[in-house]
Each structure stands twice: as C-alpha cells, then as structure tokens.
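Welcome! Take a moment to look over the sequence and the 3D view, and then read the short briefing below.

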Amino acid sequence: SEDVPPVLSDCPPSLTVDLPSTKCDTAINWTPPTASDNCAVQSLQSTVAPGAVFLPGKVLVEYKATDVSGNTAVCSFEIDVRDVFPPEISDCPTDIVISLPEIKCDTAVTWTPPTASDNCGLDSLTTNTPPGSILSPGTFTVQYVAKDGAGNTTVCAFDISVRDDFAPTFFDCPGDLSIDLPPAKCDTTLTWTPPAASDNCGLDSVLVNIPPGTVFKPGQTLIQYVAKDAFGNSATCTFAI
C-alpha cells in the first residue's frame, strides 16, 4: 500500500555526556537507526550526524525516513552535554598576620588576589573582602568564589589576623611621695592627681589598688595603677607613699 510509512529500528536512546576537564566541547558518536519500507526507502536524514561536536546543553537529534510514496517516519533522542568541572583557583593567598600601627586602631591590608580559570570560561570571580580593605583588630576570613556558566563553583579562603600589640600609655605617673604625720595623729588622709592613660584602640579599664583620699598609717605603701585595653595589653604606673 502506498500509505504505509517506513519503519525505523534501533533508535538510539537519549545520552548524557560529561565534558572533558580541559575542553568546552566534545565529539559524540552513536549508531544511527535503520529504516525499512514495504516498497522502498527513498531517504534517511538526520538533524545531527554521529561524530558531531557538541557544546554544553541539550540537543534534540531527529532522524526522518521517507519512502518513495512520500510517507515519513521520525525517530528522535536527546543528547545532554554537561559541564561538571568546577573552575580552578590558582595562587590562593596564605593566612596573613599583621600588627596595627601604634597610633591607629585599624589598618589597610593588601594582598595579591588569586586567579581562576575554567574549561568553559569563568562567569565570575567575587570576594567578600577586596585587597586594601581597612580592618580593625580581630580575625577575618576572606573568600574568593569562582563560578562558571554551568553553576559550578570553587572557593578559596584564607584568614587575616589583625593584632593590637601596643599597650596603653600612662602620662604623669606620680613619683614616690614622702609625707610626715601630723602631730597627735597616727594616720593621715592622702590624695594625689591620678595619672592619665591612653591607648590606640581605646582603654578598657584603669584600676588602682588604693585610690586617692585613702587614710594611711605610718610605713611605705605601694600604689599601682593598671590600664588595660580590649585586647589584653596592659601598662602599669607604680609609685610608693
């Protein structure tokens, strides 16, 4: 009968193929289907031939058989080419330890950014902290994230530790005092001007073991002021009465 279409046998199944790690395309082969007809097959055509080079993505391959009467049959399958390889990050910085300058409580920190590459090209290379950022004391984790067009990502991370190594400074620390006791008394109230203190990152506390205005008895007493900052650095001002 002239109305009977061709028959396509052994239509290839759908394929999922991963790209090689060093390329962004790949050649793919398959065995074409065969066509038969009750009269004769005039043509067997395909949208893509075996051995074609594919980029990442999904492609529908279609075979169409036509007989001498113009009847047709279609066989189709999908080829899914995937980019599964994440970018590569080179020269990720090592951890950085840096001390503050003596007169400031922050500092600019710089480094050489890493570089990134990908078999299909980078989509982006971003960071949460760029070189030259002004940082205060503490430890910060810097991240670089490389992403390709397929959504694969690679992370490079390192820590920056900013240290405050400078102790507070006392100004006008009193010298030793020698004082007589007033007549008819065995003690006396003494006062003095407390020393001033400062710190590049601000004082956390200034404590004294015996404050001005204390009543003293005969003998020598050691007065000590201790200034601390928030990072554990301390300084002392000591004098004897």
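Two strands count as paired if DSSP finds at least two bridges between them. With that cut-off in mind, S7 and S8 are a pair, because 10 bridges join them. Please remember that this is a predicted model.

**How the strands pair**
- S7 and S8 run antiparallel.

**How the aromatic rings meet**
- How many aromatic pairs does a search of the whole structure find? The search turns up 5.
- One of them brings together Trp 30 and Phe 77: the ring centres are 5.5 Å apart and the planes sit at 75°, so this pair is edge-to-face.
- Trp 30 belongs to the loop between strand S3 (26-28) and strand S4 (34-36), while Phe 77 belongs to strand S8 (residues 72-82), so the pair ties together parts that are 47 residues apart in sequence.
- Are Trp 30 and Phe 77 buried or exposed? Both Trp 30 and Phe 77 are buried.
- Phe 54 joins in too, as ring pairs link Trp 30, Phe 54 and Phe 77 into a cluster.

Definitions and conventions
Residues numbered from 1 in each chain as written. Predicted model: local features only at pLDDT ≥ 70, side-chain atom pairs only at ≥ 80, totals over all residues. Heavy atoms only, no water. Phe/Tyr/Trp six-rings, centres within 6.5 Å; stacked < 30°, edge-to-face > 60°. Helix = DSSP H or I, 4+ residues; strand = E, 2+ residues; numbered from the N terminus. Buried < 20%, exposed > 50% of the residue type's maximum accessible area, 1.4 Å probe, protein only.
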